[in-house]
Amino acid sequence: MDFLMSGLAACGACLFTNPLEVVKTRMQLQGELQSPGTYQRHYRNVFHAFITIAKVDGLAALQKGLAPALLYQFLMNGIRLGTYGLAEAGGYLNTAEGTLSPSRSAAAGALAGVMGAYLGSPIYMVKTHLQAQAASEIAVGHQYKHRIFPPQSWKGALTAAMVSGVVVVLAMTPFDVVSTRIYNQPTDVQGKGLMYRGILDALLQTARTEGIFGMYKGIGASYFRLGPHTILSLFFWDQLRILYYTYSK
């Protein structure tokens with residue numbers, strides 16, 4: 001569960017930070033091995049880079065490389081935090097007296113980090129190539145012409161649906177948890193719930209008593225239930241649209 005929870009948490013954060021990763025990648029490639037003042041600065045600062053990319057490449061370009069970025073975050077952080085969590089749960093970070101050992105904690109953290117970085121490195125390379133792709137007037141660094149999926153490919157729709165499934169599960173699981181508990185709570189003779197007064201009360205009680213992770217209980221089962229439904233729904237919707245526009249002309 002540590003692997004899954006840490007990986008999903010990193011994916012959730014990645015959805016919001018990926019535009020910054022695109023900007024960072026391009027600013028780091030700008031002026032590569034060129035003396036200051038000898039090249040055109042397409043990106044003067046972070047805010048200018050955001051505006052320039054959105055204006056020239058389009059808003060969607062700020063999420064370039066999102067698919068490999070999500071996979072990278074899931075693998076790297078899932079392995080890094082999950083491995084450290086297992087070591088902590090197994091008592092390997094404690095001394096014989098039961099106290100936390102700084103040296104063992106540092107060694108476990110370093111080992112977990114190396115494992116995550118090693119396994120995630122090939123995916124990070126693909127992510128960098130995709131995020132560097134830009135229109136010729138604002139291109140920096142070497143421009144790889146990778147195309148993960150051809151236009152109108154069912155694979156692209158399937159990948160997008162898988163990503164959206166993660167987002168839906170992260171957003172909806174707390175409400176799914178409390179709705180399950182509200183429906184399952186005991187009632188008095190009038191049918192009024194004895195444990196929760198409503199959704200907000202159930203959310204507050206769960207967070208206060210069980211912590212934030214208590215609101216995400218069963219998230220793995222939720223994804224394997226909701227994920228295929230979301231994936232197949234969006235996939236079939238996209239394919240039906242393609243068929244309609246193909247044969248209605």
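This is a predicted model: local features need pLDDT of at least 70, side-chain atom pairs count only at pLDDT 80 or more; totals for chains, interfaces and linings use all residues.

1. On to the overall layout. The protein chain has seven helices and zero strands, so the DSSP runs that count as elements here read α-α-α-α-α-α-α from the N terminus on. Of the 249 residues in the chain, 35% are buried. Take the contacts between residues at least 6 apart in sequence: 69% of them join residues at least 24 apart.

2. Which residues make up the largest nonpolar core? There are twelve: Leu 8, Cys 11, Cys 14, Leu 15, Leu 66, Ala 69, Leu 70, Val 166, Val 169, Leu 170, Ile 219 and Tyr 223. Helices α1 (2-29), α3 (66-89), α5 (154-184) and α7 (219-247) are the elements that give two or more residues to this core. The largest share, four residues, is from α1. There's also a second, separate core of ten residues, with Ile 53, Leu 62, Ala 134 and Val 140 among them. As background, nonpolar side chains tend to be buried together in soluble globular proteins.

3. Not counting residues up to four places away in sequence, Leu 8 touches Phe 74, Val 166, Leu 170 and Ile 219. For a sense of how the chain folds back, Leu 8 and Leu 71 are 63 residues apart in sequence but 10.0 Å apart in space, C-alpha to C-alpha.

4. Back to Lys 127, which lies in helix α4. Is this lysine buried or exposed? Buried: its relative accessibility is 3%. Leaving aside neighbours within four places in sequence, Lys 127 is in contact with Glu 21, Thr 25, Gly 65, Pro 68 and Ala 69. Ala 69 is also one of the residues in the largest nonpolar core.

5. Helix α4 (residues 102-132) holds His 129 as well. This histidine is buried too, with a relative accessible area of 15%. Its contacts, again leaving aside neighbours within four places in sequence, are Tyr 144 and His 146.

6. Helix α2 (residues 46-56) has two faces worth a look. Its buried residues are His 48, Ala 49, Thr 52 and Ile 53. They sit on the same side of α2 because they cover an arc of only 125 degrees around the axis. The face turned away from that buried side carries the exposed residues Phe 47, Ile 51 and Lys 55. Ile 53 also belongs to the second core.

7. The ends of α2 deserve a line. Asn 45 caps the N-terminal end, with a side-chain oxygen 3.1 Å from the backbone nitrogen of Phe 47. Just after the helix, Gly 58 takes a positive phi of about 100 degrees.

8. Last, the rings. How many aromatic pairs does a search of the whole structure find? One.

Conventions:
Residues are numbered from 1 along each chain as its sequence is written. Side-chain values use heavy atoms; hydrogens and water are left out. A nonpolar core is a set of buried Ala, Val, Leu, Ile, Met, Phe, Trp, Tyr and Cys residues joined through side-chain atoms within 4.5 Å. Buried means under 20% relative accessible area, exposed over 50%, partly exposed in between (1.4 Å probe, protein chains only). Contact means heavy atoms within 4.5 Å. The arc is that of the directions from the helix axis to the C-beta atoms. A polar contact is a pair of N or O atoms within 3.5 Å; within protein, one must be able to donate a hydrogen and the other to accept it, and residues adjacent in sequence count only if both atoms are side-chain atoms. Rings of Phe, Tyr and Trp (its six-membered ring) pair if their centres lie within 6.5 Å; planes under 30 degrees apart count as stacked, over 60 as edge-to-face and the rest as tilted.
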